[in-house]
Amino acid sequence: MHLVPFPLLALIPLFPLLGAAYCGLVGCGLFKKYGEGAIHWPAILLPWGSFVVTLIAVITLAGAGHGAVLHQRLWDWFRIGSLSVDAAFQIDRLSAVMCLVVTFVGSLIHVYSRGYMKGDASYWRFFSNLNLFMFSMLVLVLGDNLLVMFVGWEGVGLCSYLLIGFWYRERKNAAAGMKAFVVNRVGDYGFTLGVFLLFWGLAAAPASLLRGQGGEPVAAAAVHEVAVGHGEVATSPGEHGAPIGEAAGEHGAAVSHGTEGSEAGRTPVSSVTFRDIERIMEDPARRDAVLNQKVLGFGLITLVCLLFFVGATGKSAQLPLYVWLPDAMAGPTPVSALIHAATMVTAGVYMVARLHFLFAYSPVAMTVVATVGALTALFAATIGLFQYDIKKVLAYSTVSQLGFMFVAVGVGAYWVGIFHLVTHAFFKACLFLGSGSVILGCHHEQDMRKMGGLRKLMPITAVTYFVSACAIAGFPFFSGFFSKDEILWKAFDSGNMLLPGGGIILWVLAATAALCTSFYMFRSYYMTFSGTYRGAQGHGTHDAHDAHGGHGHGLPKESPRSMTWVLAILGGLAVVGGYIGLPILWGLPNAFETWLEPIFEGSHHLIHSAERGHGAEWGLMLFSVVIAFSGFFLARWLYKDAKSPIPGRLLASRNGLVQGFHRVVFNKYYVDEAYQASFVNGTVGLSGLLSWFDRTVIDGIVNLAGTAGRFCSGIQGWIDANIVDGAVNLVASLSMRAGRSLRKVQTGRIQNYVLGLTAGAVVLVVIGFLLKW
Amino acid sequence: MSIGLGHYLVVSGLLFSLGLYVLITRKNAVAMLMGVELVLNAALLNMVAFSRLGRVGPDKLDGQVFALFGIVLAAAEAVVALALVLQLYRAFRSVDTTETTDLKG
């Protein structure tokens, strides 16, 4: 790993930030004055600028050799004790992939939004928020340490909230935005705790090593000795102590060769920078110290990884925090495509891949990640089976596909997870934008029961939607096939899982989810595009649409060119996007794995295969093709042209089992209701209780203090008014009275004075006379 | 019977009392001035009498000299006082001291 300075790096996030500032600060006025062009040209061109810079960076990166990292340090963010954080960006091969996806798909969706948002009164606000999202996402991806990443992490959450509630005049949309934000906070809390715990835990290194480094603050060393003392209690090799010891033996030498001489000996005390954390974990002595730490009886690294994964479940909509994503469909469709399908929701996957050097050391965390992913994949896929809202189907499909990605990163196949992330970005963005095109054509109708027959009316949309559905279902030679199949195989073949039977349970869950995926995708395709148009008139009258063609809404028609072009590009990529990662099994070059290899080589030795052989792999591949086609044919048989009576008959069935099953799944397993009853009502109840406590007890105490104070001040006021003032008034009135009586002496008549004088003199004389005596 | 110190003192006491009486009873400022002169002269008479017949001895003239100064002072005083009376009259159109009680004209 060597750093290459790359001063253009900051431009990548800066361009969208400029766009956001432009649209947000002056956009409103310019929009009113010059119309939509003043908004969308800058807002679309600036993200394309980011894409161009990203391309330059990727080319530079490819030329800089194995393991190069382009890096730009902007400024010291803060330094506290041994914690030093830079505002710095880095682009390595992993973030390059993410960055390309974000800037490319993001820019395409900006282009698409031009058609979709046409005529909206808050056009400028939409593009401002969308650009701000691009900025945050790029900060997340390019951040060189956990804190910069966290800034982006929170930024995308904010933009998600703003854009879900974009049409905030409807209470439902505002509530959906709020829900997304609150649920994400739960995850973010896990993320921050993970950062804190990791920073604390990394400081655990043998004191001798730290003394050898010199120049480190003494206080920091003291902290470590405490931490090491902590660790020594549990020094006996734990369950994963032995394999690590071996690994350190053979790997330690490689490390000292691989890293630059000057850097190798001087790992920082602790750090939040990815590079430094990885280096600490490569140093055998320090790694053992870190791994031997126990917190509350758990291994430190396991706990840290689980906390980070809590963050990932929030952002990437996994069980149990997935509930916000289906509701997030309240936002405009380009937002769903960009934020809630292609980019933001994959941040959790990216984070786990980015921190592979931690996750790989904790089999428990890996198992949890993969299991949660597999369960989510199946759970969301079954909900998707019975949804009627076209965007809800895609939302649950996204949750399910994210589950697949977590299975991949959970079993240690990091490149596969990222690969699926990329292909998913293409086909899911295309599906969402296709649904947006349909929704626009059907005059903001989202219920698939009121669509149908759109293939003839919206041919480009129909073709791209079909192609993307093939990709997500995993038809051979479409992009989703390569990535999903690789995930299924890696899950099946994993040797790292602590589950009985290794990864086979994961494989069963994921394969079932894949079957459901194929079914619900083609169900949505056939309900939407086949048969005859069912909208714009009463339910069930299939043949009357021509007579009502000119009446009311009119027939759907194909979307403008700016939208169909984007669909075509994404649809094309949904087909060919998988060719960057062709299966090694076929003897073909896998460019994608080769590209990402330097990133994950640090944890490569920890990932084990169950060695199930090529025969099994071929078999599984065939099996997943069978799964994809059986889902397709089942959906085709049941839903093509809305002719089959079976779905209707099943729905009308009086059979308690069928009805009960349908009701539970259709109502999304009542998870929302359960959360409402437990967490929401619990929180509301608790806040009610606290409010009651506040009102009666706290306010009571305050009021008591107030009353007592008033009583005391009453007494004091009485004392003041009567005693203190009385004394003062007494003095005053006495002197007044004295003055009044003495004034009479001062008559102004000289005779009186002279008389007084004389009398006084006589008295004095008499006194003197008497005294002489 | 020879005339001694006691006789002078009696005359002087009478003069003083008369002056004081005038000063107290008369309301006319000029008359009061006259009373003051009487009181003054009673005092001067006392000085001369003590100087001539008192314990000091006849060869010393201190009392007489003092009396001469007093006469001069009385003349000066009369000038100033009469000027004041004149001003008083101008201000109040009266020299009756029962009427001129206000400080502020």
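**Close-ups of a predicted model**

**View 1. Chain B is built from helices.** Chain B has three helices and zero strands. Starting at the N terminus, its elements read α-α-α. The radius of gyration is 17 Å, well over the 13 Å that the globule rule gives for 105 residues, so chain B is more spread out than a compact globule. Keep in mind that what you're looking at is a predicted model. Draw a box along the principal axes around the C-alpha atoms of chain B, and you get roughly 55 × 25 × 15 Å.

View 2. Of the 105 residues in chain B, 25% are buried. As for charge, chain B carries 8 positive and 7 negative charges, and their mean positions lie 1 Å apart. Now take the contacts in chain B between residues at least 6 apart in sequence: 51% of them link residues at least 24 apart.

View 3. In soluble globular proteins, nonpolar side chains tend to be buried together. Zoom in on A:Leu358 and, once neighbours within four places in sequence are set aside, you'll find it in contact with A:Leu198, A:Ile277, A:Met281, A:Ile301, A:Val304 and A:Cys305.

**View 4. A:Leu585, a buried loop residue.** A:Leu585 sits in the loop that runs between helix H25 (561–576) and helix H26 (591–600) of chain A. Is A:Leu585 buried or exposed? Its relative accessibility is 15%, so A:Leu585 counts as buried, given that the cut-off for buried is under 20%. Skipping residues up to four places away in sequence, A:Leu585 touches A:His614, A:Glu617, A:Trp618 and A:Met621. Take A:Glu617: it is 32 residues from A:Leu585 in sequence, yet their C-alpha atoms are 8.0 Å apart in space.

**View 5. Helix H29 of chain A and what it packs against.** Which residues of helix H29 (residues 656–666) of chain A are buried? They are A:Gly660, A:His662 and A:Val665. After H29(A) comes A:Lys668, which has a positive phi, near 55°.

Note on methods
Residues are numbered from 1 along each chain as its sequence is written. Chains are lettered from A and ligands numbered from 1 in the order in which they are written. This is a predicted model: local features need pLDDT of at least 70, side-chain atom pairs count only at pLDDT 80 or more; totals for chains, interfaces and linings use all residues. Side-chain values use heavy atoms; hydrogens and water are left out. Helices (H or I, at least four residues) and strands (E, at least two) are DSSP runs, numbered from the N terminus. The radius of gyration is taken over C-alpha atoms; the globule rule is 2.2 Å times the number of residues to the power 0.38. Buried means under 20% relative accessible area, exposed over 50%, partly exposed in between (1.4 Å probe, protein chains only). Contact means heavy atoms within 4.5 Å. Lys and Arg count as positive and Asp and Glu as negative; His and the chain ends are not counted. The place of a charge is taken as NZ of Lys, CZ of Arg, CG of Asp or CD of Glu.
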